[in-house]
Amino acid sequence: MNKFIAPSILAADFGNLQRDVTMINNSDADWFHIDVMDGVFVPNISFGMPVIRAIKKHAKKTMDVHLMIVNPDRYIEDFKKVGADILTVHYEACDHLHRTVQAIKTQGMKAGVSLNPHTPVSVLEDIIKDVDLVLIMSVNPGFGGQSFIENTYKKVAQLKSLIEQSNSNAIIEVDGGVTDKNIEKLSNAGVNAFVAGSFVFKSDNPSEIIRNLKNSVSN
Ligand code: DX5
Ligand code: ZN
């Protein structure tokens, strides 16, 4: 199974966005992780369409867009237009999750569903076969630079067995507090895609950090 490293643009230097996008293009990273926050679903506002369009202009890798917004259905077509390849919505933000997932796929994107730390994996039982990706939040969404929640390992194991029992093709992504201290254990537990923001961008050599993360999960 492939392993994907997804540096989070939230931790990039927005005054030097093209430089940071180029760094990711030239690194061992696999995806751009792009966090959209609306100040309603989460207590923070990040950025929207113009910034994603600007990233897309230079990005040469998969655009993994994580929506932390209420009523994401309103913008599915718009996110496709600005370049999303994977569009992930929160379980907690969708009244009609099945319809939302189908709408994302109809637009030709991969459909992801994210779970907050307090939301049990079991809520996905009836949708797991329809989704391409499940994003387990390993911090409370809204901010970069928080500490990893240890209960995540248990959730990853539960999700892995749900996926296997259901013959689902969903892959598992983890987001929040990912570092060289937990990435191998997460990988061994069954995680396929690893989001890392602060750990990559707050270092002196982001592309070396990305290379090390990638090496530690590749066999
Ligand atoms: C948090 C975001 C994350 C964030 C991760 O709500 O979804 O993608 O950028 O940042 P770190 O790696 O610093 O926890
Ligand atoms: Zn995210």
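This is a predicted model: local features need pLDDT of at least 70, side-chain atom pairs count only at pLDDT 80 or more; totals for chains, interfaces and linings use all residues.
1. The site of ligand 1. The largest pocket in the structure is the space that ligand 1 takes up. The elements that contribute two or more residues to the shell around the ligand are β2 (31–37), β3 (62–68) and β8 (193–196). Of these, strand β2 contributes the most to the shell, with 3 residues.

2. Composition of the shell. There are 20 residues around ligand 1, and those that come nearest are S8, D35, D175, G197 and S198. Sorted by class, the shell holds 10 polar, 8 nonpolar and 2 charged residues.

3. In D35, a side-chain N or O atom is 2.7 Å from an oxygen atom of ligand 1. In D175, a polar side-chain atom lies 2.7 Å from an oxygen atom of ligand 1. G197 takes part through its backbone instead, with an N or O atom 2.8 Å from an oxygen atom of the ligand. Ligand 1 taken alone exposes 380 Å², and the protein buries 98% of that area.

4. Aromatic pairs. A search of the whole structure gives 3 aromatic pairs. One of them is formed by F4 and W31 and is stacked, with 4.8 Å from centre to centre and 20° between the planes. This pair links distant parts of the chain, as its two residues are 27 residues apart. F4 belongs to strand β1 (residues 4–7), whereas W31 belongs to strand β2.

Notes: Residues are numbered from 1 along each chain as its sequence is written. Chains are lettered from A and ligands numbered from 1 in the order in which they are written. Side-chain values use heavy atoms; hydrogens and water are left out. A residue is near a molecule or strand if one of its heavy atoms lies within 4 Å of it. A polar contact is a pair of N or O atoms within 3.5 Å; within protein, one must be able to donate a hydrogen and the other to accept it, and residues adjacent in sequence count only if both atoms are side-chain atoms. Accessible areas come from the Shrake-Rupley method with a 1.4 Å probe; for residues, only the protein chains shown count as cover. On a 1 Å grid over the protein atoms alone, a cavity is a set of points where a 1.4 Å probe fits but cannot get out, and a pocket is an open set with protein on both sides within 12 Å along at least five of seven lines; lining residues have an atom within 4 Å of a point. A molecule sits in a cavity or pocket if more than half of its atoms lie within 2 Å of its grid points. Helices (H or I, at least four residues) and strands (E, at least two) are DSSP runs, numbered from the N terminus. Ala, Val, Leu, Ile, Met, Phe, Trp, Tyr, Cys and Pro count as nonpolar, Asp, Glu, Lys and Arg as charged, and the others, Gly among them, as polar. Rings of Phe, Tyr and Trp (its six-membered ring) pair if their centres lie within 6.5 Å; planes under 30 degrees apart count as stacked, over 60 as edge-to-face and the rest as tilted.
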